[in-house]
Amino acid sequence: MSDLAVSPVERHAVPLAQGAVHLTRFRPQGRPRGCVLCWHGAIESGRIFHSRSGKGLAPWLARHGYEVFVADQRGRGEAPPQPARGIALDQTDVIVDEIPAAIEACLALSGAARLHLVAHSWGGVLLASSLARSATLRDRVARQAYFGTKRSVKSWTPQRLLYVDLIWKGLAPLARGVCGYLPARALRWGSDDEYAGSHRQGADWVRPRPWVDRRDGFDYAAALADGGLPPVLHIAGAADRALGHPADVARFAAECGPHRQRHLVLGRDQGLSRDYGHLDMLTHPSAMQEVFPTLVEWFEEG
């Protein structure tokens, strides 16, 4: 198959009571092998899955036969409303409203009965949380792949002390208080800004506390304790020492309750050319040969 870069074919807005989720759609040549929805993490947008030059996981999957939708949550990319003081949206709104609406829109646009979910980092926490709330939504999902997804952080490393303790839990709340939102782009902490409420809730969950929604008390771990989460490929980078440490990724998988799962650590010990980190598992040129094919194998597995 061609490795030439491809461009997004369509952009769709999924309207909500306030603002809209944006979907970037990549179409394959011929009849699709399946439908995939990609969900980004905190202080980033869907660009983690597709570059402006047309490279990345989403166009790669489209070249290999999948119809792919890449989400931009409200406030990310060009999806309104942009983060500002007074915007009351938070991650519970993503879990309860945005993800279900995006899944239903992808199925309606593609004509598929079910789809696969792919997430990077905190996006996997949001997807799992949304699925925990709805058995109907779980029935819409065939398989999932979470790249570098952890919830609470317990691994002790110097990088964790810098990025999680000092920045995310220490300096970020101060910046949030001054601006009324988290100005991650201006501070060069991430590619997109974050609503104040989303950061507040996320920073709370990063601490080793129960996986409980602070808005309505929903207990996500309890909801998943008896199984039911669609199969997940849990992927960690061997060189990720803070934002998706392999031990924290494994703990999140256990926290999701009994479900069909596979674990993959991307590094030289597994025969790869490099030890991958939190971002380059999706952005490094070698990922196209070493990482991305694993998703196709997982999706096609009976």
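Tutor: Of its 18 lining residues, R11, R47, D72, G77 and E78 are the closest to its centre. The elements giving two or more residues to this lining are β1 (10-15), β2 (20-26) and β4 (66-72). The model is predicted, so local features need pLDDT of at least 70 and side-chain atom pairs count only at pLDDT 80 or more, while totals for chains, interfaces and linings use all residues. Residues are numbered from 1 along each chain as its sequence is written, and side-chain values use heavy atoms, with hydrogens and water left out.

Student: What makes a space a pocket, and what makes it a cavity?

Tutor: Both are sets of points on a 1 Å grid over the protein atoms alone: in a cavity a 1.4 Å probe fits but cannot get out, whereas a pocket is an open set with protein on both sides within 12 Å along at least five of seven lines. A residue counts as lining if it has an atom within 4 Å of a point. The volume is the space filled by probe spheres set on the points, which are joined across faces, edges and corners.

Student: How many cavities of 30 Å³ or more are there?

Tutor: The count is one. The largest cavity contains about 40 Å³ of space, and its lining is made of Q91, T92, Q201, W205, V212, D213 and R214. Two or more of these residues come from each of α2 (91-110) and α7 (196-206).

Student: What makes a lining residue nonpolar, polar or charged?

Tutor: Ala, Val, Leu, Ile, Met, Phe, Trp, Tyr, Cys and Pro are nonpolar; Asp, Glu, Lys and Arg are charged; the others, Gly among them, are polar. By this rule the lining of the largest cavity has two nonpolar, three polar and two charged residues. The second largest pocket has three nonpolar, eight polar and seven charged residues in its lining.

Student: How much space lies in the largest pocket, and which residues lie nearest its centre?

Tutor: That pocket holds about 880 Å³. Its lining has 36 residues, with I43, W189, L243, H278 and L279 nearest the centre. By class, they are 16 nonpolar, 13 polar and seven charged. Helix α5 gives the most, five residues.

Student: Why is P59 called buried?

Tutor: Buried means under 20% relative accessible area, exposed over 50%, and partly exposed in between (1.4 Å probe, protein chains only). P59 has a value of 0%, so it is buried. Its place is in helix α1 (residues 57-63).

Student: And why is I43 called buried, while R188 is called exposed?

Tutor: I43 has 14%, so it is buried. R188 has 78%, so it is exposed. I43 is in the loop between β3 (34-39) and α1, and R188 is in the loop between α6 (184-187) and β8 (194-195). Neither is a glycine, yet phi is positive: near 40° for I43 and about 60° for R188.

Student: What makes a group of residues a nonpolar core?

Tutor: A core is a set of buried Ala, Val, Leu, Ile, Met, Phe, Trp, Tyr and Cys residues joined through side-chain atoms within 4.5 Å. The largest one has 48 residues, and L23, L37, W39, L115 and W211 touch the most other members. Its largest share, eight residues, comes from α2. Apart from it lies another core of 30 residues, including L272, Y276, L282 and F299. In soluble globular proteins, nonpolar side chains tend to be buried together.

Student: Which residues is S198 in contact with, leaving aside neighbours within four places in sequence?

Tutor: Contact means heavy atoms within 4.5 Å. On that basis, S198 is in contact with L89, D90 and Q91. S198 is in helix α7, and its 6% relative accessibility makes it buried.

Student: How do you know where the peptide bond from P80 to P81 stands, cis or trans?

Tutor: Omega is near -5°, and the bond is cis. P81 is in the loop between β4 and α2.

Note on methods:
Helices (H or I, at least four residues) and strands (E, at least two) are DSSP runs, numbered from the N terminus.
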